[in-house]
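I am opening a notebook on this structure.

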Amino acid sequence: MERDQIVELDLKHVWHPYTSSEHHASMPMLVIRSAKGCWLEDINGQRYFDANGQWWVNTLGHAHPRLVKCVQDQVETLAHCSLGDLTHEPAVELAKELCDIAPAGLGKVFFSDNGSTSVETALKIATQYFQQNGRPEKKRFATLAGAFHGDTAGAMSLGVDGVFTAMFGPILFEVVRPLQARDWGQTFQRFLELVESKREDLAGVVLEPFIQGAHGMRMWPEAQGVRFLQELRALTKTHHILLILDEVFVGYGRTGRMFACDKAEVSPDLLCLSKAFSGGMFPMAATLAQDFIYEGFRGGADRALLHGHTYCGNPLGASVAREVLRIYKDEQILERVATWGEYLAFRWQTLAARRGISNLRSMGMVAALDVGEDGYHGTRGWKVYEAALRRNIYLRPLGDTIYLTPPFVIEKSDIDWLVDNVAESIEETY
Ligand SMILES: *Cc1c(COP(=O)(O)O)cnc(C)c1O
């Protein structure tokens, strides 16, 4: 098919996520045919650097030969097999390997298919845990302002104050959340006070540790963030509140450590993983739980966790997720993030003096800045996006927030080229 035919059919029949019906009247639509390493290639052979790793999933580069081989091998033996009275080696091995590398005490793995379901699973585990273990009044969750935990109804409830969820108030449950504070120090303080005051009602607190992704790449100040997480851990333990960390975005090395909570040496009660989890090859996710939580589900049929998904533990996804972990080891991916993350931060900082740029920030393999005050509904970010496309970079913004979340296999020369071209793209919008 020709490009124009594909676009025509797309506009006629495909409903795009987060995209207005008018968007493509003014914004070009890329028709991608293939991808390799850090690059996307469109149907006319034009290449674009994938600066957002396809919504943050692609850490190892597109079409990594080992991941491709892994899928090919697995698909010939067992493509799908539910976990209903059945099990298989990929799921079992993956669960063991995850528990081996996860923060202490996380000994049980519940598989699902995406970030939102990994959070839904955590919410339902926490709820049922207290319902059937003598504390039915513990049924509320607390989150920070600006949280994003996914687009299914439960996950959306946690982020109810955001642009993604404003329309859905009527179907969301109530969440405990402090008012927006003037800085992170005050935010953390208010949150701890709130958790203390609502301790009798709270089943869990849910957080994206260190970087709030979808709400504009908002980064915690690191040392303060470490202290906050440690205090919160102590507080939640004292009051028997489950600490649920959503590392769907920040996990798997994005912030520099395998799990962001490793920075604080804090072990959550439930840990949600997806995105980089399957290296951008498959929709796959996991919710890890502390052993004591599983103990609360021991017993007969009336105590079983009443939650599941058709593709729980899918063998293709599980095999790929195992290979991802091996590649992290063999290719020293975390060491790469340390080295190139530091270089990215250094180069990013050189943009500080440029006009129209504010809130320059970076952590691990994330670099962000703002080109306006209007947040997700800002329009200058989209002008930058178009200017970057002309320079062969796919730089999809969060409104007025411009960010890079590139694959970790990025090279030094790519970083130089990217940062220079982001600067030029911003300059061009004036
Ligand atoms: C992307 C994201 C989700 C939702 O993941 P999906 O796979 O899009 O459902 C949940 N939490 C965080 C922190 C995310 O970044």
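Predicted model: local features only at pLDDT ≥ 70, side-chain atom pairs only at ≥ 80, totals over all residues.

**Entry: the sheet with β12**

I started with an open sheet of 3 strands, ordered β12-β13-β15, where the pairing is antiparallel. I looked for its edges and found β12 and β15 (401-404) there. Each has a single partner strand, so one side of each is left without a neighbour in the sheet. I also noted the twist, which averages 10° from one strand to the next.

β12 and strand β13 (residues 366-370) are antiparallel and share 4 bridges. I picked out S358, whose bridge partner in β13 is D370.

N359 is not a glycine, yet I found a positive phi of about 50° for N359. I placed N359 in strand β12 (residues 358-363).

**Entry: the sheet with β1**

How many strands does the sheet with β1 have, and in what order? I counted 4 strands in an open sheet, in the order β1-β2-β3-β14, with mixed pairing. I find β1 and β14 (393-394) at the edges. Each of these edge strands has a single partner, so one side of each is left without a neighbour in the sheet.

I followed the order from β1. Strand β1 (residues 32-36) and strand β2 (residues 39-42) run antiparallel, joined by 4 bridges. I32 stands opposite D42 in β2. The two strands form a hairpin with 2 residues between them. In that turn I noted G37, with a positive phi of about 60°.

I moved on to the next pair. β2 and strand β3 (residues 47-50) are also antiparallel, and 3 bridges join β2 to β3. W39 has F49 in β3 as its bridge partner. β2 and β3 make a hairpin too, with 4 residues between the strands. Here I found G45 with a positive phi near 85°.

I looked up the loop between α13 and β14 and found N392 in it. Phi of N392 is near 65°, a positive value in a residue other than glycine.

**Entry: α13 against α14**

At what angle do helix α13 (residues 380-389) and helix α14 (residues 412-428) pack? I read about 125°, with the axes 8 Å apart. That makes α13 oblique to α14. I noted the crossing of α13 past α14 as right-handed.

Which residues meet? From α13 I listed V384, A387 and A388; from α14, S425, I426 and E428. I sorted the residues of this contact into 4 nonpolar, 1 polar and 1 charged.

**Entry: salt bridges**

I searched the whole structure for salt bridges and found 25. I kept one of them, between R322 and E93, for a look. The closest N and O atoms of R322 and E93 are 3.9 Å apart. R322 lies in helix α11 (residues 315-330) and E93 in helix α5 (residues 89-101), so this pair ties together parts that are 229 residues apart in sequence. In general terms, side chains of opposite charge can pair when their charged atoms come close.

Technical notes:
Residues numbered from 1 in each chain as written. Heavy atoms only, no water. Axes fitted to C-alpha atoms, helices over the stretch in contact; angles between N-to-C directions. Parallel < 35°, antiparallel > 145°, perpendicular 65-115°, else oblique. Left-handed = near helix turned anticlockwise from the far one by under 90°. Contact = heavy atoms within 4.5 Å. Nonpolar A, V, L, I, M, F, W, Y, C, P; charged D, E, K, R; others polar. Pairing = 2+ DSSP bridges. Salt bridge = Lys/Arg side-chain N within 4 Å of Asp/Glu carboxyl O.
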